[in-house]
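Here are my notes for you to read beside the model. Please keep the sequence open as you go.

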Amino acid sequence: MGYTGEEIRRARYAVAAVFAVHGAVTGSFATRVPWIQEHASLSAGQLGFALAFTALGASCAMPLAGRISHRFGSRTALRGLLALWTLSLLLPALAPNLYTLCLAMFAYGATSGMADVAMNALGVEIERGLGKSIMSGLHGMWSAGALAGSAAGTLAAQLGSDARVHHALAAVTLTLLGLVACTWVLDLQPAEDEEPPPRFALPPRSALLIGAVGFCAVFAEGASLDWSAVFLRDRLDSSAGLAAACTTGFMLTMAVARIAGDAVVNRFGAVRTVRFGGLLAGAGGLLVVLAGAPAVAMAGFALMGLGIAVVVPLCFAAAGHAGPRPSQAIAGVATITYTSGLVAPSLIGGVAQATSLTVSFCVVTALACGLAVFAGVLRTAERGVRAEVSQRAAAVPGPRS
């Protein structure tokens, strides 16, 4: 890699900060979805349709991230893509109707997906340099950032503030923090004879099964992030502040589980961790479906967050270790998982429009239980990651942190 141990460790903290900034944008947006729905005068079905454009934009744009990193180098590419993502937070709250909100969500998703691929690819490279697993912890920092963003959003919702003002302040602050953090990330440059990755490419075959597991987790995560506040407000007649606090609680359990996730995975392995997580998430979904009081639903969403927390980091890590181009492999798995994000909002909104939000979360619960059923597909990937980490640990000199 050409970097000293100290430089790699410093880059690890810098990328962790980048993950936190990325997550803070998502948390800031998620807690104000009810405000955006009311401002644009949307039904549940229309809101679901608009939210689907987030994943559509991400799926279209993510394959470009590898090409951009190849062209400009990893540091410059991440700096630019992260700034575009943080500034895109301004757009949804400005949308006055369904059509403009769809356009805003497409841009929001496109910038999110490209920054997501770039920072995960750097995380995999740092993991290789350190010779140990760190991806769950990095995603834990994403959840911690989302928690901070959702906590600020909860306060803003409780105070009845205009989401346009709230998101403008958040966008400026997070853009500045992101630019500072990117100063210390690794500046990886392609070899002179290295061919640039294709602008668009279908996910490789190796990514399909891994992506299917991620699909179930992202469906449950996206449904909880985008609809938990709406569920408490409409189904259980909660206040705006309590509804937003439910999203915050969900993000809290995600953050705690991901920060502790590397130790758990190293102790029990990826398959058993994901299998048990699927059982927890299924139990949480059942609580949500049966909830007759806000506290029960909030406990259900918290359990769901705890159960699905480490699944996506494990899928991205497995993809990144699968070939010589982490960004391309991660983009393949991310495209599949973001397709879940494309399906989830529209399906939840469509089912809610036809029946109720309670029935919608029956679908979420079934997919969460699917994690326990299909966790075994990570067994091969788990062996590959362990073997590579062992090889790197033996090859890289110097102290380990």
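Is Thr 253 buried or exposed? Thr 253 is buried, because its relative accessible area is 17% and buried means under 20% relative accessible area (exposed is over 50%, partly exposed in between; 1.4 Å probe, protein chains only).

Before the points, two remarks on the source. This is a predicted model, in which local features need pLDDT of at least 70, side-chain atom pairs count only at pLDDT 80 or more, and totals for chains, interfaces and linings use all residues. Residues are numbered from 1 along each chain as its sequence is written, and side-chain values use heavy atoms, with hydrogens and water left out.

1. Overall make-up. The protein has 18 helices and 0 strands. Both are DSSP runs, numbered from the N terminus: helices are H or I with at least four residues, strands are E with at least two. There are 401 residues, and 58% of them are buried. Contact here means heavy atoms within 4.5 Å. Take the contacts between residues at least 6 apart in sequence: 86% of them join residues at least 24 apart.

2. Surface. The accessible surface is about 15,600 Å². Carbon and sulfur atoms account for 67% of that surface. The areas come from the Shrake-Rupley method with a 1.4 Å probe; for residues, only the protein chains shown count as cover.

3. Thr 253. This residue sits in helix α11 (residues 240-259). A polar atom of the Thr 253 side chain lies 2.9 Å from the backbone oxygen of Phe 250. That is a polar contact: a pair of N or O atoms within 3.5 Å; within protein, one must be able to donate a hydrogen and the other to accept it, and residues adjacent in sequence count only if both atoms are side-chain atoms. Leaving aside neighbours within four places in sequence, Thr 253 is in contact with Ala 302, Gly 305 and Leu 306.

4. Ser 28. Look next at helix α1 (residues 5-30), which holds Ser 28. Ser 28 is buried, at 4% relative accessible area. Its side chain has a polar atom 2.7 Å from the backbone oxygen of Ala 24. Beyond four places in sequence, Ser 28 is in contact with Leu 89, Gly 149, Ser 150, His 166, His 167 and Ala 170.

5. Helix α3. This helix covers residues 44-61, 18 residues in total. From first C-alpha to last it reaches 27 Å, close to the 26 Å expected. The expected span is 1.5 Å times one less than the number of residues. Its buried residues include Leu 47, Leu 51, Thr 54 and Ala 58.

6. Ala 58. Ala 58 lies in helix α3 and has a relative accessible area of 0%. Not counting residues up to four places away in sequence, Ala 58 touches Gly 109, Ala 110, Gly 113 and Tyr 338. Its C-alpha is 9.7 Å from that of Ala 115, which is 57 residues away along the chain.

7. Aromatic pairs. The whole structure has 6 aromatic pairs. Rings of Phe, Tyr and Trp (its six-membered ring) pair if their centres lie within 6.5 Å; planes under 30 degrees apart count as stacked, over 60 as edge-to-face and the rest as tilted. Phe 49 and Phe 53 have centres 5.3 Å apart and planes at 75°, so this pair is edge-to-face. Both lie in helix α3, 4 residues apart, about one turn of the helix. Phe 49, at 44% relative accessibility, is partly exposed. Phe 53 is also partly exposed, at 21%.

8. A pair between helices. Phe 301 and Phe 361 are edge-to-face too, 5.4 Å centre to centre with 85° between the planes. Phe 301 is in helix α14 (residues 294-308) and Phe 361 in helix α17 (residues 357-374), so the pair ties together parts 60 residues apart in sequence. Phe 301 is buried at 0% relative accessible area. Phe 361 is buried at 0% as well.

9. Ala 83. Helix α5 (residues 74-87) contains Ala 83, which is buried at 16% relative accessibility. Setting aside neighbours within four places in sequence, Ala 83 is in contact with Thr 175 and Leu 179.
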